[in-house]
Amino acid sequence: MIYLDNAASAPVHPKALSAAMPFITENFANPSSAHTLGREARLAVIAAREQCAAAIGAQPEEIYFTSGGTESDNLAIFSALGFNDKHKIITTEIEHPAILNACKELQRRGLEVVRISPDSEGIVHAEDIAAVIDNNTALVSVMAANNEIGTIQPFAEIGELCRRTGVLFHTDAVQAVGNIPLDMRVLDVDMLSVSAHKIGGIKGAGLLYARKGTPISPMIFGGGQEMGMRSGTENVAAIAALGTAMTEVGRNIPEHRRRLSRLRDMLIEKLEKIPDSRLNGSHTDRLCSNVSFSFADIDSEALVMTLDLMGVCASTASACSAGKHHRSHVLAALGLDENRIDGALRLTLSDQNTEEEIVTAAGIITECVARQRSG
């Protein structure tokens, strides 16, 4: 099986699995317990917090563990509206549903939400955000890199704009971690979301980085875990794995990018030879791991099923929307017509993929597209 759906969920890193296993098979204690096993579990959470902080140039007390990217995004969005009398959020039309649907809920409650349109490559420009920032703006939320088309946003420039104007800035970095260097010591980012299972961790863990002094309002109440901001017994195994995964993906980002960019470009070159094909997103400002194509006159759901039967795992767009039978809001925002949106295929790579797999997958995709078109 050739696995090209790593943006949906990546393979668990062996070292992350090793970090988790003792807290599944040996030490099952509650980290709030005072006995030896409880203290050992607590120390594992503390160590993971330090690992995650070090990986992004943050302080341990700025890291809040969550259940994943969706909760982290929601925590950031709802927290920003709870500390002053500002009632406006600026985001984009191509954010993850965790952002867009949280904003819809706030809009339902009477708050103002402004959604910025991207250009045809999926890039959101800082000047468009600057044009709508005002004294009522509480938060700007722009993802670091798009989960469907892989476009890398000018989030450093947007963060600098927000810092100058005194507006909180949040970025969903779920797809960026491990693919783009992220250093909170130099970036003007107030809050940042991470998901464990996108970077070699285990499902059920994530984090929200919140710069010291950034107000955070809890959404889950109970025993006061996570410095009072996220109650509930910690998922020690998944948190331990997350800390190790954050360390591992940050070890050699330049080499990771060089290797995957070569495989990515090889796959793009081969798929561009398919008649009536279109690369979605930017040729230059895109993740090293992302290849997004649209094929005219193709049913992408049928294509994905056929690819699966032929040994290639892929997705139509975001796995978060799979099975919901609605068109990609990201591709619609780029201005694609329904024919192109319905023929979208997302292929996402990891360090485990080989050149041989890329060549084989490209041949299978080319064959499946031709077969479907011939009826």
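This is a predicted model: local features need pLDDT of at least 70, side-chain atom pairs count only at pLDDT 80 or more; totals for chains, interfaces and linings use all residues.

Mentor: Residues are numbered from 1 along each chain as its sequence is written, and side-chain values use heavy atoms, with hydrogens and water left out.

Trainee: What span should helix 3 have, and how far apart are its end C-alpha atoms?

Mentor: Helices (H or I, at least four residues) and strands (E, at least two) are DSSP runs, numbered from the N terminus. The expected span of a helix is 1.5 Å times one less than its number of residues. Helix 3 comprises the 20 residues 36–55 and should therefore span 28 Å; its end C-alpha atoms lie 29 Å apart, which agrees. Just after helix 3, glycine 57 adopts a positive phi of about 70°.

Trainee: Which residues of helix 3 are buried, and what covers them?

Mentor: An α-helix has 3.6 residues a turn, so residues three or four places apart point the same way. Buried means under 20% relative accessible area, exposed over 50%, and partly exposed in between (1.4 Å probe, protein chains only). In helix 3 the buried residues are Gly38, Ala41, Ala44, Val45, Ala48, Arg49, Cys52 and Ala53. Their cover, judged by contact (heavy atoms within 4.5 Å), includes helix 2 (22–25), strand 2 (63–66), strand 8 (206–210) and helix 8 (236–249).

Trainee: In what order do the strands of the seven-stranded sheet run?

Mentor: Two strands pair if DSSP finds at least two bridges between them. The open sheet of seven strands has the order 2-8-7-6-5-3-4, with mixed pairing. Strand 2 and strand 4 (112–116) stand at the edges with a single partner strand each, so one side of each lacks a neighbour in the sheet. The twist averages 20° from one strand to the next; here axes are lines fitted to C-alpha atoms, for helices over the stretch in contact, and angles run from 0 to 180 degrees between N-to-C directions. Strand 2 pairs with strand 8 in the antiparallel sense over four bridges, and isoleucine 63 has tyrosine 209 of strand 8 as its bridge partner.

Trainee: How is the three-stranded sheet arranged?

Mentor: This open sheet has the order 9-10-12 and antiparallel pairing. Strand 9 (277–279) and strand 12 (344–348) are its edges, each with a single partner strand, so one side of each is left without a neighbour in the sheet. Serine 292 has arginine 346 of strand 12 as its bridge partner.

Trainee: Is strand 10 enclosed or open, and why?

Mentor: Six of the six residues of strand 10 are buried, so the strand is largely enclosed by the rest of the structure. Asn290, Ser292 and Ser294 point one way, and Val291, Phe293 and Phe295 the other way. Helix 9 (residues 253–271) lies across strand 9, strand 10 and strand 12, at about 10° to strand 10.

Trainee: How much space lies in the largest pocket?

Mentor: Rolling a probe the size of a water molecule over the atoms shows where empty space is left. On a 1 Å grid over the protein atoms alone, a cavity is a set of points where a 1.4 Å probe fits but cannot get out, and a pocket is an open set with protein on both sides within 12 Å along at least five of seven lines; lining residues have an atom within 4 Å of a point. Grid points are joined across faces, edges and corners, and a volume is the space filled by probe spheres set on the points. The largest pocket holds about 540 Å³ of space. Of its 31 lining residues, the closest to its centre are Ile199, Val249, His256, Ser350 and Asp351.
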